[in-house]
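Please open the structure in your viewer and keep the selection panel at hand. The stops below say what to select next and what is there.

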Amino acid sequence: MALQRLAEFYPNYQEEIFAGDDIKGFDVYAGDSDEKVGTVYDALVDDTGRFRYLVIDTGIWIFGKKVLLPIGSARFDYGSHRVYATGLRSKAQAEQLPAYNELEAVDYDREEQVRGVYRNQGTAAAASTATPASYDRSSYNYDIDRPLYETNEQQHQNLKLYEERLIANKHRAKTGEVAVGKRVETETARASVPIEKERVVIDRVTPVEAGRVVSVGEADFQSGEVARMEVYEETADIHKEAFVREEVNVRKEVVRSTVEGEETLRREELDVQTDGTAVVDNKNPKI
């Protein structure tokens, strides 16, 4: 998990987290003693915004060396602008810690070196049972070393506690396009129409009285006599016409479905420890 400097992740961290105060420059004391070991130079947060380390400038204690202090190994006193490094108890321990260089990224290997020093001090923060054999680079998470990284109201006061929430959003994206057009297809059609034609039939018959001699004046010979009869016939009229076959309406409709997702969420809880008959009014704000 990548670590970032405090101001890189929270440009307005004084107002957002420390109620107008600034932990940079707070004096740092070893354990719960009055032995000053340096000042707070910076803080490192992970990519979710959770505090993981304070960067301690050891000043003349170990001249020119900056070291990392896990946030769970620090106790804040905002009234006196002090940080008590409960997990950093001796100069010899600080000398074992790798030097912090702000120009170099704090990678997994560097963090393992830091964790190894604090785990081996026999302090409350070293109560973690984690061993390097129980995890590797790909499986490690900060919950394995909860005593080194957990924050609480008693020790850290103004430090915010974070929780992860599952946020479900949706995005509208074009997935395709449908084009509806027309094309002309051709085919050969056949049609048959019955038609009628008229024809003239001339029947010539021999009358019963054929061969009879007609009397004078009975025969009326005339030329130019014509019988007329009109003749008709039908012709086929086969042609094509355009008709409306169907109408196409193009529209869209929304199909709704539910997509489910599952994630593992983390939440930081207060760890309030009391001694004696101290009364704590722990008000839990409604969210």
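Begin by selecting Arg-115, which at 0% relative accessibility counts as buried (under 20% relative accessible area, with a 1.4 Å probe and protein chains only). This is a predicted model, in which local features need pLDDT of at least 70 and side-chain atom pairs count only at pLDDT 80 or more, while totals for chains, interfaces and linings use all residues. Residues are numbered from 1 along each chain as its sequence is written, and side-chain values use heavy atoms, with hydrogens and water left out.

Arg-115 lies in helix α4, residues 108-119 (helices are DSSP runs of H or I with at least four residues, strands are runs of E with at least two, and both are numbered from the N terminus). Now show its contacts (heavy atoms within 4.5 Å): leaving aside neighbours within four places in sequence, Arg-115 touches Tyr-53, Tyr-108, Tyr-140, Tyr-142, Asp-145, Leu-148 and Tyr-149.

Next, select Ala-30 in strand β2, residues 27-30, which is buried with a relative accessible area of 3%. Beyond four places in sequence, Ala-30 is in contact with Glu-35, Val-37, Ala-85, Leu-88 and Arg-89. Gly-87 is 57 residues away along the chain, yet its C-alpha atom is separated from that of Ala-30 by 8.0 Å.

Finally, select Leu-6, Ile-23 and Leu-54, which touch the most other members among the 45 residues of the largest nonpolar core (a set of buried Ala, Val, Leu, Ile, Met, Phe, Trp, Tyr and Cys residues joined through side-chain atoms within 4.5 Å). The elements giving two or more residues to this core include β3 (36-45), β4 (51-57) and α5 (146-149).

Methods. Buried means under 20% relative accessible area, exposed over 50%, partly exposed in between (1.4 Å probe, protein chains only).
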